2 protein chains.
Amino acid sequence: MTASASKPVVALAGGVGGAKLIDGLAQILGNRLTAVVNTGDDFRHLGFHISPDLDTVMYTLAGIANPETGWGVADETWSFMEQLIRLGGPTWFKLGDRDLATHAIRTEALRGGEPLSTITSQLCRALGIDANIVPMTDDDVRTIVKSGAQRLAFQDYFVRLRTEVPVTGLSFEGAVTAKPPAALADLMRKGAIEAIVIGPSNPYLSIDPILAVPALRAWIEGSEVPVVAVSPIVGGDALKGPAAKMMRELGAEASALGIARHYRGLVRTLVLDRADAALADGVRELGMQASVTDTVMKGEADRARLARECVALVRAELS
Amino acid sequence: MTASASKPVVALAGGVGGAKLIDGLAQILGNRLTAVVNTGDDFRHLGFHISPDLDTVMYTLAGIANPETGWGVADETWSFMEQLIRLGGPTWFKLGDRDLATHAIRTEALRGGEPLSTITSQLCRALGIDANIVPMTDDDVRTIVKSGAQRLAFQDYFVRLRTEVPVTGLSFEGAVTAKPPAALADLMRKGAIEAIVIGPSNPYLSIDPILAVPALRAWIEGSEVPVVAVSPIVGGDALKGPAAKMMRELGAEASALGIARHYRGLVRTLVLDRADAALADGVRELGMQASVTDTVMKGEADRARLARECVALVRAELS
């Protein structure tokens, strides 16, 4: 079943939760969907350029995401890692054998001067993905997690320290001078798109880095299309990852209402889970629309259903 | 059983045949053996620095060489390659999942400015290898195979073209200015070693690149210790690889006698296979000593036996 929209839809996303909604949107929109994906978590490891969020979105849309780990490729094998351990190599970041093929191709192409967006598009074509997956920028932007006097590279915080230290702030190195990839230029023209959907990703770690690219923020703030966000916080907690913990650490309320406050001025409509129905009025008091539904995506069907509901909200707003 | 020599023995080697003799020598000499290994076949592929001969010697001595392929690691898996094919990456050179760990560690360390010899020594320690494995140089030397007007990078000739084009000449780019690694300095002092053994490797592709490093050739030519070579040609053919074919193409006789002529002036004693016993007199007429034995190493025991015979030849010459 394909929705009847004729203009493209743009979705912003980071990791697993966002990737699931992107997958749902891709199921109903096909190549009329463009996912703009966080690259603030990108890093170099053992000589490889690793783009965790691009990979998660790409693998999810290709139907090869590893359901057990929440990252990497399904039917993965670990021979490389076993041998790496034997040879005394670094072990804190797990590299699956299949996953490595993505890293090797991407790294070699970057070394040859190709932009990350071009490489991503080639990988997507090879994986048979119809939707467009575009990194937020081809420039280097790095998320830095501050914990008191410490300034941690994202992977240090997320993988090595397992998000255990308290977060006191975030910064996105390089964002101020970063430009969106040329592939987004057409979509950034006035009247080019139907809507912007912000997935249930961590607002600090996945969405804010995208919004830290000045031209992307200006585009989204200045766009006259519906902007719909799905709350990543359900019943006061994140389904996955440190979003709720970080909100508390940063002095925000770890709830869908906290999310609404975070996105105020940018997002027109917030989609809340039924568990948070009582917060809908609070959201509306902030001047936003609130829509309550089941936001927890357990299977493929949930993804398409939630995506369809997001598109319906857009249509309702446009009609 | 350990031979009683007190001074170190140096062995020169390239690929599979050479590695087997090195393994035999390592079994009887332990850390009194230093293998100087060809790096003329080293190349970059998909961003990895690959050292085929170092790997073959290293894997053989660690007891993890893949007996089926003649290269790479035993119990190998191929998930990386499968995914690489799916993603449209280059497929002409096969990279096993375990093997990749070596390439990744080596490449990253080289990028960090470590010399190849230091990295090799660290890898050997991790693999529990007692003998010393030293690349012929830390500098870049590249074997170029000439075929008429064509100048082929070694892997182009060896893997992509499967040695099918006729060889009209060879050159070793960078050899003239290449220096031996510092790790060899002690062994290169007068009186430091007991003997030099040249393994049954391809003389053109494995040994000549080593001898093309001026200081190594000068050392071997000027050394007063026994220099023993094992013929890689048995019954007019190479046990493995294109050695015999190349000898014919380059106008030499594809026989142990051709090998003797090739090494004349450098090698004091040539070890021939029983199949070539009739050629022993011809070798002696060139002013070299000839020793006839079983040179085909089918199993581990053959390796140690042949190594012991080589060491015995050295002792006989010294006594």
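Does B:R162 count as buried, partly exposed or exposed, and how many C-beta neighbours does B:R162 have inside 10 Å? B:R162 counts as exposed, with 9 C-beta neighbours inside 10 Å; here a residue is buried if 20 or more other C-beta atoms lie within 10 Å of its own, exposed if 12 or fewer, and partly exposed in between, the C-beta atoms being placed from the backbone. The model is predicted, so local features need pLDDT of at least 70 and side-chain atom pairs count only at pLDDT 80 or more, while totals for chains, interfaces and linings use all residues. Residues are numbered from 1 along each chain as its sequence is written, and chains are lettered from A and ligands numbered from 1 in the order in which they are written.

B:R162 is found in the loop between α6 (154-160) and β8 (169-173) of chain B; helices (H or I, at least four residues) and strands (E, at least two) are DSSP runs, numbered from the N terminus. The phi of B:R162 is near 50°, a positive value in a residue other than glycine. In chain A, A:L46 is likewise not a glycine and has a positive phi of about 55°. A:L46 lies in the loop between β3 (43-45) and β4 (48-50) of chain A and is partly exposed, with 19 other C-beta atoms within 10 Å.

At the interface, 23 residues of chain B are in contact with 23 residues of chain A, where contact requires C-beta atoms, placed from the backbone, to lie within 7 Å. On the side of chain B that touches chain A, the elements giving two or more residues are α3 (79-86), α4 (97-111) and α5 (116-126) of chain B. Of these, α4(B) gives the most, with ten residues. By type, this side of chain B divides into ten nonpolar, eight polar and five charged residues; Ala, Val, Leu, Ile, Met, Phe, Trp, Tyr, Cys and Pro count as nonpolar, Asp, Glu, Lys and Arg as charged, and the others, Gly among them, as polar. The copies meet through the same surface, because 100% of the interface residues of chain B are also interface residues in chain A.

α4(A) is mostly covered, with 13 of its 15 residues buried. Just after α4(A), A:G113 takes a positive phi of about 95°. Helix α2 (residues 52-61) of chain A is largely enclosed by the rest of the structure, because ten of its ten residues are buried. Among them are A:P52, A:D53 and A:L61. A:G63, which follows α2(A), has a positive phi near 75°.

Chain B contains an open sheet of seven strands in the order β5-β2-β1-β9-β10-β13-β14, with parallel pairing; two strands pair if DSSP finds at least two bridges between them. Its edge strands are β5 (132-135) and β14 (289-293) of chain B, each pairing on one side only. Within this sheet, β1 (residues 9-13) and β9 (residues 195-198) of chain B pair in the parallel sense over four bridges, and B:A11 stands opposite B:V197 in β9(B).

In chain A, an open sheet of three strands has the order β7-β6-β8 and antiparallel pairing. β7 (150-153) and β8 (169-173) of chain A stand at the edges, each with a single partner strand, so one side of each is left without a neighbour in the sheet. β6 (residues 142-147) of chain A and β7(A) pair over four bridges, with A:A153 in β7(A) as the bridge partner of A:I144. In the hairpin of β6(B) and β7(B), which has two residues between the strands, B:G148 takes a positive phi near 60°.

Technical notes: Two residues are in contact if their C-beta atoms, placed from the backbone, lie within 7 Å.
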